[in-house]
Amino acid sequence: MSTTPSLDKPAHPAPADEPPESRTQVRGLWVRASHVALPFGSLLLFLVLWQALAASGTWSETLVPPPAKVWDAFIDVSTTHDGVRGYNGTFLIEHLGISLRRIAIGAGIGIALGVLFGLLMGTVGWLRSLFEPWITFLRTLPPLAYFSLLIIWLGINEEPKVTLLAVAAFPPVAVSTTTAVSAVSKSLVEAARALGASRWDVVRDVVIPSALPETLTGIRLAVGVAYSSLVAAELVNGLPGIGGMVKDAANYNNTPVVLVGIIAIGVSGLIIDGLLLRLERAVVPWRGRT
């Protein structure tokens, strides 16, 4: 009696191809992980190179202090040590908070005026011809060029600092808003008017939503310009304040404290820019999509 040999079945069947959904999830996890790992990796590399440069002895520690000394300076200006409270009697977080308040007030005024002028210049042609050269002139001036004049006019208290930050933040918002309003589709405006919309209705329902993405970009730029003008704004009577702390420490060649102040300004600026970017994505989620 003959039997037909049967084919042996594998004990473990070959796995099916990975579904597209799983591959997409893995790819998304990798992208998110790389967004976190790459900045931390670059920071670690920067610290290693910094330590190697400081240890090489090419420059003295007064010019290039090692990271450990900068960390010690951070602890000193953030706590009470040897009977001294922070730096010049004020903690680092307090210096930073005072400067952020100045930026909030000054940049807030500049941004509000920039949006208003941008809407007016974008909708009224003769206003744009009248004001645009002056705004361009103001945008090209470095803050130190007119800060001394502000001190002569306004004194050495808070007024010249806030005014300087407002003047620095105004042009980017005004220019971006004007450009965005001028680029609004004429067909949308004409369609709204054909449906009976008033001039204010067109501005509110058509012009502002269309110009909002570029306006938010201008606001982010304005905040960055205000940050870059912070030390200049606090050159005179800037203590307490993070820019004043940097300037005062530089007068005494206290490089670790200068670096602490610079890092504090940069980190706080990154945080605020990230918050503004999240706001932009929440308010105009259609940006970048077709």
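These legends describe close-up views of a predicted model. Local features need pLDDT of at least 70, side-chain atom pairs count only at pLDDT 80 or more, and totals for chains, interfaces and linings use all residues. Residues are numbered from 1 along each chain as its sequence is written, and side-chain values use heavy atoms, without hydrogens or water.

**View A. Helix 3 packs with helix 6 and with helix 8.** Helices are DSSP runs (H or I, at least four residues), numbered from the N terminus. Helix 3 (residues 92–123) and helix 8 (residues 199–228) pack at about 140°, axes 9 Å apart. That makes helix 3 oblique to helix 8. With helix 6 (residues 158–182), the angle is about 30° and the axes are 6 Å apart. Helix 3 and helix 6 are therefore roughly parallel. Axes are lines fitted to C-alpha atoms over the stretch in contact, and angles run from 0 to 180 degrees between N-to-C directions. Under 35 degrees counts as roughly parallel, over 145 as roughly antiparallel, 65 to 115 as roughly perpendicular, the rest as oblique.

**View B. Glu158 and Arg102 meet in a salt bridge.** The N to O distance is 2.8 Å; the cut-off is a Lys or Arg side-chain nitrogen within 4 Å of an Asp or Glu carboxyl oxygen. Glu158 lies in helix 6 and Arg102 in helix 3, so the pair ties together parts 56 residues apart in sequence. Arg102 is buried at 4% relative accessible area. Glu158 is partly exposed at 28%. Buried means under 20%, exposed over 50%, partly exposed in between (1.4 Å probe, protein chains only). Arg102, Glu158 and Glu234 form a salt-bridge network.

**View C. Arg220 and Glu280 meet in a salt bridge.** The N to O distance is 3.8 Å. The pair links helix 8 to helix 11 (residues 255–283), 60 residues apart. Glu280 is buried at 8%.

Key:
Helices (H or I, at least four residues) and strands (E, at least two) are DSSP runs, numbered from the N terminus.
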